[in-house]
Amino acid sequence: MRARIAYIAHNTFREAVRDRVLYNLIAFALLISGAAILVGQISIEVERLVVINLGLTAVSLFGVVIAIFIGIGLVSKEIEKRTLYTVLSRPVRRWEFIVGKFCGLAGTLVVNTFFMAVGVFGALLYVAHKFSRPDAWIFVALYFIVLEFLIICSLSLLFSSFSSPLLSAVFAFSLFAIGSFADDLRGFAGLTHGAARWLAIGSAYLVPNFSALNVVSAVAHQQTLSGQLILENTLYALLYTVMALSGAVLIFERRNLK
Amino acid sequence: MRSRRTTIAAAVCLIVSMTASVLLLRNIDRLRPTRSNDDVLYLESPKLIRKASLGFDGLMACIYWTRTVQYFGARHFARAQSYNELAPLLEITTSLDPHLVPAYELGASFLAPAPPEGAGEPKRAVDLMQYGIAHNPDNWKLYYDLGFVYYTELKDYKHASEAFDRGSLAPNAHPAMKVLAARMAENGGDVTTARILWSATYQSSKENIIRQNAVAHLRAIQVDEDVTNLQNIVDRFVNQNGRPPTSLWELAAAEHWTDVPADPDGVPYELSLDGQVLVANPDDFPFITKGTPPGYKPGPPKFHTNQN
């Protein structure tokens, strides 16, 4: 079972590389090096802040775009090219296919994030001339960004398991935007009464809470993050990912592929 | 062969059309009336901008801070008399990131001084600093800057003393804070207090522009003090001799000095025919209040990099 999942994941990764997904690293490198050189000339006292804020924001947004655009095509492309039938005619179960695809996409994003992180640290070294101990928190911010990618990958797969690529992209982007306002949603829920209140609270807790995973600003200001936050965010992201993947498997298992 | 010819033709077309479009656009820009976006803020609500940033408010704050610096720099360079969007830009920046300390420190120094050096809004600078202190209560520099605005722009020594006193209790506060709090309460307007204040500014900042500004003020304080002392000696000479000295050399001889007094650059002070002590190159000492010829209008500050 593990070998089959690993094989599908490996192929997904190779396909993404073949599709020149990692070319986004060039755009990222241009962006971060341009910012590192330019900001010192057009602003005052925020070079370090800009490199961290811009770097981590770019890592996050580039990754989200890749996760959604690759994720929504993972199932539909296989159906369109009819390669899915070849895969499923072998001793590969449908859930293994979904999990393998997820692992391949997540792996692609981890590799992409690793190279971007190298770029962020390189730019930081350029503007600050040395690293300080609080800069280590950037690793935590990057880790949270990867957790965010896991959730988005799983959601993209969930939507692509029952919808067209276009609609899947719309759903995934909408959920990303709504998830970024998750804290506000809870605030709105607090203002309502009766059944509407429970409905609002339920919706607020059902959408992924991306704002909890966004510590970019705190890290840029060298604020410390508690171990408990790291642990609970990890558990939350894993649980949400498992939930979305389970949904994708449930739908895909029952989907008529004829 | 045909394919290669097509490639060359397409490449030539691309380069020619790109160059022509750039040149044409430059021409169009010259034809259009000059438009300034300096006083336009399309989005003025910090809350709306915060929401629109999808959680990436730290980056938005940096962008707005850069825009603030550019806005202030362009208008300051043009010796503008109004800075209408400066306060809203600073409000947006600090709402997006309440921990962006440079926006408070430099923002107050942009807002407080009278035009063209600043926006001439010291009360808004005080509000900005108080917002900053509320969000960063352990940062002694913010109390220092608040006291600084009270001292330099509002001449409110009581509130300045209170600000320095509160700041002196913050962790790692500069030792001068306690001294400044005490001196403000007793001798708010004297030269020694000003010298301590600008020296502390020089020592506590890593930013070149702030350090250069502090040096320029310290040099101006030195010149003002020299001119005051020299003028007293000249006046005494007039009382004793019934006429002003013909030159500073005559004064030096009368006072048994080995040399004539000179400004911080080593250039001797001058004496007008009616016995007024003058600075030889007043443009080299922005912020001086004494020793300038009648009708003198100062140019933009020329900062010196080294403290003399």
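Visitor: At roughly what angle do the axes of helix 9 and helix 10 of chain A cross?
Guide: Please keep in mind that this is a predicted model. In it, the axes of helix 9 (residues 182-191) and helix 10 (residues 194-206) of chain A cross at roughly 170° and come within 8 Å. Angles over 145 degrees count as roughly antiparallel, so helix 9 of chain A and helix 10 of chain A are roughly antiparallel to each other.

Visitor: Which residues make that contact?
Guide: From helix 9 of chain A, the contact uses A:Ala182, A:Leu185, A:Arg186, A:Phe188 and A:Ala189. From helix 10 of chain A, it uses A:Arg197, A:Ala200, A:Ile201, A:Ser203 and A:Ala204.

Visitor: And how many of those are nonpolar, polar or charged?
Guide: In the contact of helix 9 with helix 10 of chain A, seven residues are nonpolar, one is polar and two are charged.

Visitor: How confident is the predictor about chain A, and where is confidence lowest?
Guide: Chain A has a mean pLDDT of 87, and 99% of its residues reach 70 or more. Within chain A, confidence is lowest in helix 9 of chain A, with a mean of 78, and highest in helix 7 of chain A, at 94.

Visitor: What about chain B?
Guide: The average pLDDT of chain B is 85, and 91% of the residues score at least 70.

Visitor: Let us go to helix 4 of chain A. Which of its residues are buried?
Guide: In helix 4 (residues 73-80) of chain A, the buried residues are A:Leu74, A:Val75 and A:Glu78. They lie on the same side of helix 4 of chain A, because they cover an arc of only 95° around the axis.

Visitor: What covers them?
Guide: The cover over the buried residues of helix 4 of chain A includes helix 1 (2-18), helix 3 (47-71), helix 5 (83-89), helix 6 (94-128), helix 7 (137-160) and helix 13 (227-254) of chain A. Just after helix 4 of chain A, A:Arg82 takes a positive phi of about 65°.

Visitor: Which residues of chain B have a positive phi although they are not glycine?
Guide: B:Arg79 has a positive phi of about 55°, and B:Phe287 has one of about 85°. B:Arg79 is in the loop between helix 3 (57-77) and helix 4 (86-96) of chain B. B:Phe287 lies in the segment after strand 2 (277-278) of chain B.

Visitor: Which peptide bond in chain B is cis?
Guide: The bond from B:Pro115 to B:Pro116 is cis, with omega near 5°. B:Pro116 is in the loop between helix 5 (101-111) and helix 6 of chain B. Most peptide bonds are trans.

Visitor: New topic. Is A:Ala36 buried or exposed?
Guide: A:Ala36, in helix 2 (residues 24-42) of chain A, is buried, because 23 other C-beta atoms lie within 10 Å. Not counting residues up to four places away in sequence, A:Ala36 touches A:Val51, A:Ala123, A:Tyr126 and A:Val127.

Visitor: And A:Leu231, buried or exposed?
Guide: A:Leu231, in helix 13 of chain A, counts as exposed, with 10 C-beta neighbours inside 10 Å. The C-alpha atoms of A:Leu231 and A:Leu74 are separated by 30 Å.

Visitor: Finally, how many residues of each chain take part where chain A touches chain B?
Guide: The contact takes 19 residues from chain A and 17 residues from chain B. On the side of chain A, helix 3, helix 8 (165-180), helix 11 (210-213) and helix 12 (216-220) each supply at least two residues. Helix 3 of chain A gives the most, with five residues. The residues of that side of chain A divide into ten nonpolar, eight polar and one charged.

Note on methods:
Residues numbered from 1 in each chain as written. Chains lettered and ligands numbered in written order. Predicted model: local features only at pLDDT ≥ 70, side-chain atom pairs only at ≥ 80, totals over all residues. Buried ≥ 20, exposed ≤ 12 C-beta atoms within 10 Å, placed from the backbone. Helix = DSSP H or I, 4+ residues; strand = E, 2+ residues; numbered from the N terminus. Arc of directions from axis to C-beta. Contact = placed C-beta atoms within 7 Å. Axes fitted to C-alpha atoms, helices over the stretch in contact; angles between N-to-C directions. Parallel < 35°, antiparallel > 145°, perpendicular 65-115°, else oblique. Nonpolar A, V, L, I, M, F, W, Y, C, P; charged D, E, K, R; others polar. pLDDT = per-residue confidence, 0-100.
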